[in-house]
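Here are my notes on this one, written as if we were going through it together at the screen. Have the sequence and the 3D view open while you read.

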Amino acid sequence: MKINLVKIILSIIIFSGFSVAQSNGFGLGIIVGQPTGISAKYWTTSSTAFDFGLGYSLEKHGRMHLHADYLFHSKNIFNSAENISLYYGPGARLKSVENANARLGIRFDVGIVWIPRNAPVDVFVEIAPSLDVIPETFFFVNGGVGVRYFFN
C-alpha cells in the first residue's frame, strides 16, 4: 500500500508538467517515519504555513496520529544556490492508542525543506519534540522524511 502511494505521487509529479517552485498554495504528499502517512501544507504567506499530518503511529500500541503545526520559514540561512529553508513552529498532536485513552499533546516542529526550481514539489526532513499532556505527561520525539505536490 505504501509503495503504491509513492508511485501515484511520483507519477503525478512526472506527468503534471513542471511549473514554478512552490512557496504558496496547497500541497499534498507523504511522510515516512513517525508517523507514516499523508502530509499536507498550506502556505499563508511566503514565509509562513500550516502543516498537517495524518498517519499510522509506529509507537508501541499506537494507531492513528494527527498533527497540525504553524510553521515559520527562514530562507536565507543556508548559503546555497538551491531554494532550501529552515522551518520551525508550534503545533498540536492527537494520537489514538490501542486499548487505552487517546493522547493529546503539544509539539515543536523543526525541519529543512528543499523547494526545487521549476517543479511543483517540496522535499523535507523534520523532527518534532512533543509532550503529551492528556491523559498524562509523556515526552518523546517524532520525525520523518517526505515529499509534497503543490496544486495550482
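1. First, some ground rules. This is a predicted model, so local features need pLDDT of at least 70 and side-chain atom pairs count only at pLDDT 80 or more, while totals for chains, interfaces and linings use all residues. Residues are numbered from 1 along each chain as its sequence is written, and side-chain values use heavy atoms, with hydrogens and water left out.

2. Now the overall layout. The chain has 1 helix and 8 strands, in the order α-β-β-β-β-β-β-β-β from the N terminus. Both kinds of element are DSSP runs, numbered from the N terminus: helices are H or I with at least four residues, strands are E with at least two.

3. How much is tucked away? Of the 152 residues, 40% count as buried. Buried means under 20% relative accessible area, exposed means over 50%, and partly exposed is in between (1.4 Å probe, protein chains only). The chain exposes about 8200 Å², and carbon and sulfur atoms supply 68% of that area. Accessible areas come from the Shrake-Rupley method with a 1.4 Å probe, and for residues only the protein chains shown count as cover.

4. Next, contacts, meaning heavy atoms within 4.5 Å. Among contacts in the chain with a separation of 6 or more, 48% are between residues 24 or more positions apart.

5. Have a look at strand β1, residues 26-34. β1 runs antiparallel to strand β2 (residues 36-43), joined by 6 bridges, and the two form a hairpin with 1 residue between them. Two strands pair if DSSP finds at least two bridges between them.

6. Which residues does L28 touch, leaving aside neighbours within four places in sequence? L28 sits in β1, and its contacts are I38, S39, A40, R148, Y149 and F151. L28 and Y149 are 121 residues apart in sequence, yet their C-alpha atoms are 5.4 Å apart in space. L28 counts as partly exposed because its relative accessibility is 35%.

7. Is A49 buried or exposed? A49 lies in strand β3 (residues 48-56) and is buried, because its relative accessible area is 0%. Not counting residues up to four places away in sequence, A49 touches K41, Y42, W43, T44, D69, Y70, L71 and H73. From A49 to L71 is 22 residues in sequence and 5.2 Å in space, C-alpha to C-alpha.

8. On to the rings. The structure holds 7 aromatic pairs. In Y70 and F72, the ring centres are 5.2 Å apart and the planes are at 90°, so this pair is edge-to-face. Rings of Phe, Tyr and Trp (its six-membered ring) pair if their centres lie within 6.5 Å; planes under 30 degrees apart are stacked, over 60 edge-to-face, and the rest tilted. Y70 is partly exposed at 27% relative accessibility, and F72 is partly exposed at 33%. Y70 and F72 belong to one aromatic cluster with F50, F52 and Y88.

9. Last, charges over rings. The charged end of K41 sits over the ring of Y87, 5.2 Å from its centre. R103 lies over the face of F138, at 5.7 Å from the ring centre. This label needs NZ of Lys or CZ of Arg within 6 Å of the ring centre and within 35 degrees of the ring normal.
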